[in-house]
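Subject: Structure for you to look at

Hello,

I am passing on the structure we discussed. Please open it alongside the notes that follow.

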Amino acid sequence: MTLDFLGTLQRTHFCGDLRASDAGTTVTLMGWVNRRRDHGNLIFLDLRDRTGITQIVLDKEAAPEAHAKAEASRPEYVVAVTGTVRRRAAGLENPNMPTGEIELAATRLLLLNDAKTPPFSPAEDAIANEEVRLKYRYLDLRRPQMQANFLLRHKVAQAIRGYLSDAGFLEIETPFMTRSTPEGARDYLVPSRVHGGEFYALPQSPQIFKQILMISGFDKYFQIARCFRDEDLRADRQPEFTQIDLEMTFPSQEAIFKTVEGFLTAAFKAAGIDLNAPFIQMTYDQAIAKYGIDKPDMRLPAMVDLTAELTPELRETLKIAPELPVLGFVIPKVGVLSGTQRRALAEEIRATFGDSGLDFLDVARLRTNEAFLPLAEAIAAKLTAENIVFGAGPFTTEDLAVVITPKPGTPVLWNYDPQWIWKRVGALRLQLGQKFADKHGLYTKTNTAADYKFLWVTDFPMYEWDEESKVWNAAHHPFTSPHEDDITSGRLVSDKGAVRALAYDIVLNGTELGSGSIRIHRKDVQAEIFRSLGMSDEEAKERFGFFLDALEYGTPPHGGIALGIDRIVMILAGATSLREVIAFPKTAKAIDLMVDAPSPVSDQQLKELSLRIATRS
């Protein structure tokens, strides 16, 4: 088989462009052979490019040379074809293809390149072995679903850029090679050849640089920034990722919220979805009390505090201490459960809690016990439509009502975490929601704004207690400002557990899309925060001296946020992993299977970098 050269031939149309209105037009298409069907004198090729597929017909009598080349072609061969668009014969249309009303009667076919038999076909809708997909990523990316994901990603990024540019933000790039700073995860280090024994760090975020840009007077900055974190991976994490990063001077928290809601509305509009803004807001404490988690999935009903429904007599019967709360929630549309199913579910719930000191009350079984009937009726009255997103009234036999009570003798753990019961019950609420989601359509997408439950969570704790080391750590990066009254009241020193941060998260369907805060703009406050974290003035100067110096030169109040573009596109694409929307992702072990990275380097390279590999046991 002899391959052809492209020469001066030019593509006139993409494969997904042609319609019945193009009948009679002479066109040239180029792409990959998706499928080949040989009917003797007629050969059909499905020709694919990133826009779609067109059926090519090669007639031996009408175009013998092109037919001969089609006989030699195989899937994934690269070809160019010229011919006339014509309507398919009546009854042979394919309604499942945008180009299904037409076909191209070929007069010329060029075989531009051949292809080995691939380990999987890009024509397949799904490939089970993800490692094979990642090793042959260039084949995986040819699949229509992957092409659609990256077209979506492009549209989202363009919409965000356009909105922020129109709003007066400047796009400014910050360095990839900087110094190592503590931001909650391990840095990727880059050895310096010129300065032997010293290292750059790849940025976990552009945090300090964007604050310095505010000091520099740029007023409004944004960047679609690459970030790097050497941390354990999950489905929604990668060692290198992309975020939309922005900062503003003289902002109110509401001004930042309005900006983010604006560019998210533009991004979702690019995906064909009209969002409803402004988004709901609640404080961290409210989120824990209603959902048991600081990133609530509001597609499920909130939890309900049933403490008041337990009379002293019932508490005594159930042996529940008077100071401990009782919580309930409903998982709608579960369906009627048999007695056996309910007993199995009760055991599953108890196994989930283990020895946590919590237990499960089955409301349906409470109703069968005369002593508990008042409690059951009180619970049924409180778990009503306002708590049930999908219901139209009090919960029915098809809705699963769950009530969690402390076990007799439950230790009081308030000193460690006063919200521990809410958090454990919140985790169970999510677990049961996911358990019944697929079967009962709790999360069924209609591709409308109703599918996307956005939420702002505000007023996070400034510090978190590390029980193991017995110290208070920053709950966010150490440049986050506390509430003003927490500074002036002295709580920074006297009661760290009560200090609130001017920090906020944007949450979508239980996924944290991004975090931000109003920053510290005064050196005295920044120095006090460093000291409150156990950092001496000397250590702070060594690690952040350049930043502390910059704060002394007229730093305006400023604040900002960063949202993960990968996560936004993953949700819009209906994907379950970031790897579906990142072109060349790593595995769960941070390995790039396609290029086989990381990999060893030569002794000469190590010598130039003044490095020596330690022997590992």
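The largest cavity holds about 40 Å³ of space. This is a predicted model, and a search of the whole structure finds two cavities of 30 Å³ or more. The lining of the largest cavity includes Thr174, Pro175 and Phe176. Pro203, Ser205 and Pro206 also line the largest cavity, as do Gln223, Ala225, Arg226 and Cys227.

On confidence, the protein chain has a mean pLDDT of 88, with 92% of its residues at 70 or more. Residues 385-395 stay under 50 in pLDDT. For that stretch the model has 33 contacts beyond four places in sequence.

Next, the barrel. Five strands close into it, in the order β1-β2-β3-β5-β4, with mixed pairing. From one strand to the next, the twist averages 55°. Helix α1, residues 64-72, packs on the sheet and touches β1, β2 (42-49), β3 (52-59) and β5 (102-113). The direction of α1 makes about 65° with that of β5.

Strand β1 covers residues 26-39 and pairs with β4, residues 78-87, in the antiparallel sense over seven bridges. Thr28 has Thr82 in β4 as its bridge partner, and Trp32 has Val78 in β4.

β1 also pairs with β2, in the antiparallel sense and over seven bridges. Here Arg37 stands opposite Phe44 in β2. The two strands β1 and β2 form a hairpin with two residues between them. Gly40, in the turn of that hairpin, has a positive phi of about 80°.

The last item is Ser356, which lies in the loop between α9 (339-353) and β14 (358-362). Is Ser356 buried or exposed? Its relative accessibility is 12%, so Ser356 counts as buried, the cut-off for buried being under 20%. Leaving aside neighbours within four places in sequence, Ser356 is in contact with Trp420 and Arg424. From Ser356 to Glu173 the separation is 183 residues in sequence and 48 Å in space, C-alpha to C-alpha.

Regards

Note on methods: Residues are numbered from 1 along each chain as its sequence is written. This is a predicted model: local features need pLDDT of at least 70, side-chain atom pairs count only at pLDDT 80 or more; totals for chains, interfaces and linings use all residues. Side-chain values use heavy atoms; hydrogens and water are left out. Two strands pair if DSSP finds at least two bridges between them. Helices (H or I, at least four residues) and strands (E, at least two) are DSSP runs, numbered from the N terminus. Axes are lines fitted to C-alpha atoms, for helices over the stretch in contact, and angles run from 0 to 180 degrees between N-to-C directions. Contact means heavy atoms within 4.5 Å. pLDDT is the predictor's confidence in each residue, from 0 to 100. Buried means under 20% relative accessible area, exposed over 50%, partly exposed in between (1.4 Å probe, protein chains only). On a 1 Å grid over the protein atoms alone, a cavity is a set of points where a 1.4 Å probe fits but cannot get out, and a pocket is an open set with protein on both sides within 12 Å along at least five of seven lines; lining residues have an atom within 4 Å of a point. Grid points are joined across faces, edges and corners, and a volume is the space filled by probe spheres set on the points.
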